[in-house]
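Please read the following points alongside the coordinates, which come from a predicted model. They begin with charged pairs and then turn to the sheet, a helix and a pocket.

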Amino acid sequence: MALALAQAREAADSGEVPIGAVVVKDGVVIATGRNAPRRHHDPTSHAEIEAIREAARILKDERLTGCELWVTLEPCAMCAGAIAHARIARLYYAASDPKGGAVEHGARVFDHPQCLHRPEVYSGIGEAEAAQLLRDFFRERR
């Protein structure tokens with residue numbers, strides 16, 4: 001999670017919402033990502049999507065079987081869908097997102113019978129630091 005938090009800080013430094021993600025396979029970091037919708041002019045450029053895309057390119061496979069995704073905020077519905085489609089084995093996230101999250105809040109994507117793959121989910125890892133990054137980022141902009 002420390003590496004995902006570092007990615008989140010880099011996102012904040014570039015004016016993006018501070019969310020970072022890391023894909024790990026067999027204990028080795030395969031890919032990293034951070035929010036970049038403004039930089040890429042792409043609303044789908046969330047940290048999770050960036051990391052999943054990079055991991056798929058590196059592994060030369062759209063299925064990230066056996067991979068873990070570490071992310072600093074509860075994934076939204078779009079990212080949860082991508083996690084399911086990528087067949088991520090385990091999802092670790094820091095802070096919950098009652099407004100936009102879709103794992104334990106909102107859409108609860110993995111709970112739907114239409115969801116073809118459900119990763120193991122672990123939350124709250126690094127939650128205090130991730131939440132503080134987000135609070136600080138938005139406080140500076142208000």
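1. In this predicted model, seven salt bridges are found in the structure. One of them joins Arg34 and Glu10, whose closest N and O atoms are 2.8 Å apart, a separation that falls within the 4 Å limit applied to such pairs. Because Arg34 belongs to strand β2 and Glu10 to helix α1 (residues 2–13), this pair ties together parts that lie 24 residues apart in sequence.

2. The strand β2 that carries Arg34 is part of an open sheet of five strands, arranged in the order β2-β1-β3-β4-β5 and with mixed pairing. Both β2 (28–34) and β5 (120–123) stand at the edges with a single partner strand each, so one side of each is left without a neighbour in the sheet. On average, and with direction ignored, neighbouring strands of this sheet are turned by 15° against each other.

3. Within the sheet, strand β1 (residues 20–25) pairs with strand β3 (residues 67–73) in the antiparallel sense, over five bridges. Val23 has Leu69 of β3 standing opposite.

4. Which residues come closest to the centre of the largest pocket? The space in this pocket amounts to about 500 Å³, and of the 20 residues that line it, Leu73, Asp97, Lys99, Leu134 and Phe138 are the closest to its centre. Helix α5 (residues 127–141) gives the most to the lining, contributing four residues. By residue class, the lining of the largest pocket consists of 10 nonpolar, four polar and six charged residues.

Definitions and conventions:
Residues numbered from 1 in each chain as written. Predicted model: local features only at pLDDT ≥ 70, side-chain atom pairs only at ≥ 80, totals over all residues. Heavy atoms only, no water. Pairing = 2+ DSSP bridges. Helix = DSSP H or I, 4+ residues; strand = E, 2+ residues; numbered from the N terminus. Axes fitted to C-alpha atoms, helices over the stretch in contact; angles between N-to-C directions. 1 Å grid on protein atoms, 1.4 Å probe; cavity = no way out; pocket = protein on both sides within 12 Å on 5 of 7 lines; lining within 4 Å. Points joined across faces, edges and corners; volume = space filled by probe spheres on them. Nonpolar A, V, L, I, M, F, W, Y, C, P; charged D, E, K, R; others polar. Salt bridge = Lys/Arg side-chain N within 4 Å of Asp/Glu carboxyl O.
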